[in-house]
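I opened my notebook to look up how the pieces of this fold sit together. Here are my entries, in the order I wrote them.

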Amino acid sequence: MYTICFVEDEVDLSNLIQTYLERSGYQVIAFTKGRDALNYIGGKVDLWILDIMLGDDVNGYDIIKAIREQDEDVPVIFTSARDQDLDKILGLELGSDDYITKPYSSKELVLRVNKILKRVYKDTQTQYLCYDCYKIDAEKRIVLGNRDKELKLTTLEFDLLLLLLKNKNKCFSREEILDAVWGKDYFGTDRVVDDLVRRLRKKMPKLNVNAVYGYGYRLS
């Protein structure tokens, strides 16, 4: 989930935009004072939305300068009630990625946010396999559960999980699971499959792995 830092001194507008962004799937950290936003710089933020004119002694230009001292790449959108070319030019020179003039629609802002995040993070956003409350990063071999808590799986447990996730509703015989997880050169009883399934179920209780009597297993 992307984290957006939204700095806007109009409280009603701040609450409205925060609601729209959160409904769009973003985590939002909102500030109504520029000084508070300055103090937050260095925290995990994927995009900043900065109002230029704020109510205290810190404005949007001050904030983006401080941001760029620590991070040259994080995207920034400027908002302002003033529709002047000079403001837009100065914002771009300071490193903003976009500029939107008040009054703006919540939908328009969300669309611009979506577009910028997709462009900036298209090569870095992790693609998860999802099942119930679980998120699985196949490349890094990481499984996240409730509240993104990492679950510790063994190599065999993870290999079995991937096999089942990528073939949901397909029934595998024990022999097929042995070949896919242990390898074709494995020699031993196929009952090790039952033990592996049992351990995986214990670590991931919401994983609906069904036994097919006398044959094997499938994930539904």
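This is a predicted model: local features need pLDDT of at least 70, side-chain atom pairs count only at pLDDT 80 or more; totals for chains, interfaces and linings use all residues.

S3 (residues 47–51) and S4 (residues 76–80) run parallel and are joined by four bridges.

Then I asked myself: in what order do the five strands of the open sheet lie? I read the order as S2-S1-S3-S4-S5, with parallel pairing. S2 (27–31) and S5 (98–101) are at the edges with a single partner strand each, so one side of each has no neighbour in the sheet. From one strand to the next, I noted a twist that averages 15 degrees.

Now for the helices on the sheet. I found H1 (residues 11–23) lying across S1 (3–7), S2 and S3, and its angle to S2 is about 170 degrees. I also found H5 (residues 106–121) packed on the sheet, where it touches S1, S3, S4 and S5. The direction of H5 makes about 180 degrees with that of S5.

My last entry is a helix pair. How do H7 (residues 174–182) and H8 (residues 191–203) cross? Their axes come within 9 Å and cross at roughly 75 degrees. Angles of 65 to 115 degrees count as roughly perpendicular, so H7 is roughly perpendicular to H8.

I also listed who meets whom: Arg174, Ile177, Leu178, Val181 and Trp182 in H7 meet Arg191, Val192, Val193, Asp194 and Leu196 in H8. In this contact of H7 with H8, I noted seven nonpolar residues, three charged and no polar.

Conventions
Residues are numbered from 1 along each chain as its sequence is written. Side-chain values use heavy atoms; hydrogens and water are left out. Two strands pair if DSSP finds at least two bridges between them. Helices (H or I, at least four residues) and strands (E, at least two) are DSSP runs, numbered from the N terminus. Axes are lines fitted to C-alpha atoms, for helices over the stretch in contact, and angles run from 0 to 180 degrees between N-to-C directions. Contact means heavy atoms within 4.5 Å. Angles under 35 degrees count as roughly parallel, over 145 as roughly antiparallel, 65 to 115 as roughly perpendicular and the rest as oblique. Ala, Val, Leu, Ile, Met, Phe, Trp, Tyr, Cys and Pro count as nonpolar, Asp, Glu, Lys and Arg as charged, and the others, Gly among them, as polar.
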